[in-house]
Amino acid sequence: MRNIAGMVGVGDNVSTPEQIISGSPSNQPTTAAPGSGGKATGGSGKPVRSESTAGILFGIGAYGLWGLLPLYFFVLMPAGAIEIVANRIVWSLLFCALLITITRSWRVFGAALKDRSVFGPLALAAGLIAINWLTYTFGVTTGHAVETSLGYFINPLVSVLLGVFVLKEKLRPLQWTAVGIGFVAVGVLTFSYGQLPWIALILAFSFGLYGFVKKRVGPKVDALTSLSVETMVLAPFAAITMVVLGVMGAETLTTLGAGHFWLLVASGVITAVPLLFFGASARRLPMTTIGLLQYFAPILQFVVALLVFHETMTTARWIGFCVVWLALVLLTIDMLRTTRKNSVLKKKARLAAVEP
């Protein structure tokens, strides 16, 4: 899954869909337009409120599409996870090449390939997202869609752990409490499944690490270039996989009719569009709002798994999920409280700066 909050970190230099068409810069500052009475507007002259509304709509669109992705994989059956991911990579690269041509961004793409500080991390990110995509698609297509949603519920807790062990950050008491509750939840779910929920854990850690890598390189590259480089790195392996499946008679791309063929080809668009929506949302909204919107996708995945796929939820699993949700509630409360506190401190600092 490209739940690609990981494709671009919040605050990264990203491109919106309208900028993809026009080729205009994505990092326009917020200013007051002449004659607006001091009302804050974006670089396009639109009021900040309308920009925020657009950001929320783009965010809902991105996470909504990611949340409904299991339905797409279900329609693609009997194609397996390996074939779906291989097609997703190849067609995504072709779609990105089309967008780069439309926006005349080949020079930017070439610069990213030549810059080791960009290409190296993106190559690593490509490997991580490939693991994520394969695991997610395997989970959905083998009757474990509930567990895949669990992986993205756990992901924020993994991000907190990465902050502690990799960035040496100090956690606030409420964050420690949330992490502790998260471990309890994994224990409960391990008891319920009779084994570690490995699909959920692989998804959570692969996507957490992917987001961490992308955040480090984010300011240096836009969303479209980033996706293009990642799919270019993976494309040779994906193409070989498609050939091998064809030789073995195990591919479905050309054997199940035109409808199935075009559904698989559409995976390029289905991968890229939510990413571009997310980029448009990320540049318009504060981090806290993006943080709240991210729960929209796993909630939808969970609902689809129960109502459409009719997957079983035992009492123990319900308890485990409720414990995970409690941990997320605590993380959200801590995030909102910290943001409010920082906002007050910034306001006081601005007032102090203008006082004589």
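The protein contains 15 helices and two strands, where helices (H or I, at least four residues) and strands (E, at least two) are DSSP runs numbered from the N terminus. This is a predicted model, in which local features need pLDDT of at least 70 and side-chain atom pairs count only at pLDDT 80 or more, while totals for chains, interfaces and linings use all residues. Residues are numbered from 1 along each chain as its sequence is written, and side-chain values use heavy atoms, with hydrogens and water left out.

Of the 356 residues in the protein, 49% are buried, a term that stands for under 20% relative accessible area, with exposed meaning over 50% and partly exposed in between (1.4 Å probe, protein chains only). The accessible surface comes to about 17,000 Å², and 70% of that surface belongs to carbon and sulfur atoms; such areas come from the Shrake-Rupley method with a 1.4 Å probe, and for residues only the protein chains shown count as cover.

Leaving aside neighbours within four places in sequence, Ile 89 is in contact (heavy atoms within 4.5 Å) with Trp 133, Thr 231, Leu 234, Ala 235 and Ala 238.

Gly 218 is found in the loop between helix 9 (198–217) and helix 10 (223–248), and it counts as buried because its relative accessibility is 3%.

On the surface, Leu 68, Leu 71, Ile 299, Val 303, Leu 307 and Val 308 form a nonpolar patch with about 480 Å² of accessible area together. Patches are made of residues with over 30% relative accessible area and no salt bridge, like charges being joined within 9 Å and nonpolar side chains (Val, Leu, Ile, Met, Phe, Trp, Tyr) within 5 Å; a salt bridge is a side-chain nitrogen of Lys or Arg within 4 Å of a carboxyl oxygen of Asp or Glu. Helix 14 (residues 296–307) gives the most to the nonpolar patch, with three residues, whereas Val 308 lies in the loop between helix 14 and helix 15 (315–354).
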